[in-house]
Amino acid sequence: MNISKKYIIDELENGICELTIVSEHSSASRTISATLSPNHLPDMKPTISKKPNIIVFWNMVEEQWQSYHLTTIGDIERLTGLGVKDKEDA
């Protein structure tokens, strides 16, 4: 699945998301709770990457900034914020 960098950043800025990270060398995957929403960010400034295919986000569980290459993000689902699907939308 090809997800654009703009779409991922927009979703992260609008709430807490679950990112599915796919290993480049195997079919294994894992999930990360992440955000760029100002409501959930710490006071410290993020590390900004000037590389066009790198996504930088706040890891909600590990409470630290992380970055991943765009191709390793297999899926994104927003869990909080406006526009989140509820039972009526399903």
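**Contacts, burial and ring pairs**

Author: The model is a predicted one.

Reader: Why does S37 count as buried?

Author: Buried means under 20% relative accessible area. S37 has 5% relative accessibility, so S37 counts as buried.

Reader: What does L12 touch, not counting residues up to four places away in sequence?

Author: L12 touches C17, A34, T35, L36, S37, I55, F57 and I76. L12 is also among the residues with the most contacts inside the largest nonpolar core, together with I8, L19, I55, F57 and I76. That core has 19 residues, and strand 3 gives the most to it, with 5 residues.

Reader: How many aromatic pairs does a search of the whole structure find?

Author: The search finds 2 aromatic pairs.

Reader: Why is the pair of F57 and Y68 called stacked?

Author: Ring centres must lie within 6.5 Å to pair, and planes under 30 degrees apart count as stacked. The centres of F57 and Y68 are 5.9 Å apart and their planes are at 5 degrees, so the pair is stacked. F57 lies in strand 3 and Y68 in strand 4 (residues 64–69), 11 residues apart, and the pair links distant parts of the chain. Both residues, F57 and Y68, are buried.

Reader: What makes the pair of W58 and W65 edge-to-face?

Author: Planes over 60 degrees apart count as edge-to-face. The rings of W58 and W65 have centres 5.4 Å apart and planes at 70 degrees, so this pair is edge-to-face.

Reader: How do you know whether W58 and W65 are buried or exposed?

Author: The cut-off for buried is again under 20%. W58 has 6% relative accessibility and therefore counts as buried. W65 has a relative accessible area of 16%, so W65 is buried.

Reader: How many helices and strands are in the protein chain, and how much of the chain is buried?

Author: The protein chain has 1 helix and 5 strands, running α-β-β-β-β-β from the N terminus on. Of its 90 residues, 32% count as buried.

Note on methods
Residues numbered from 1 in each chain as written. Predicted model: local features only at pLDDT ≥ 70, side-chain atom pairs only at ≥ 80, totals over all residues. Heavy atoms only, no water. Buried < 20%, exposed > 50% of the residue type's maximum accessible area, 1.4 Å probe, protein only. Phe/Tyr/Trp six-rings, centres within 6.5 Å; stacked < 30°, edge-to-face > 60°. Helix = DSSP H or I, 4+ residues; strand = E, 2+ residues; numbered from the N terminus. Core = buried A, V, L, I, M, F, W, Y, C linked by side-chain atoms within 4.5 Å. Contact = heavy atoms within 4.5 Å.
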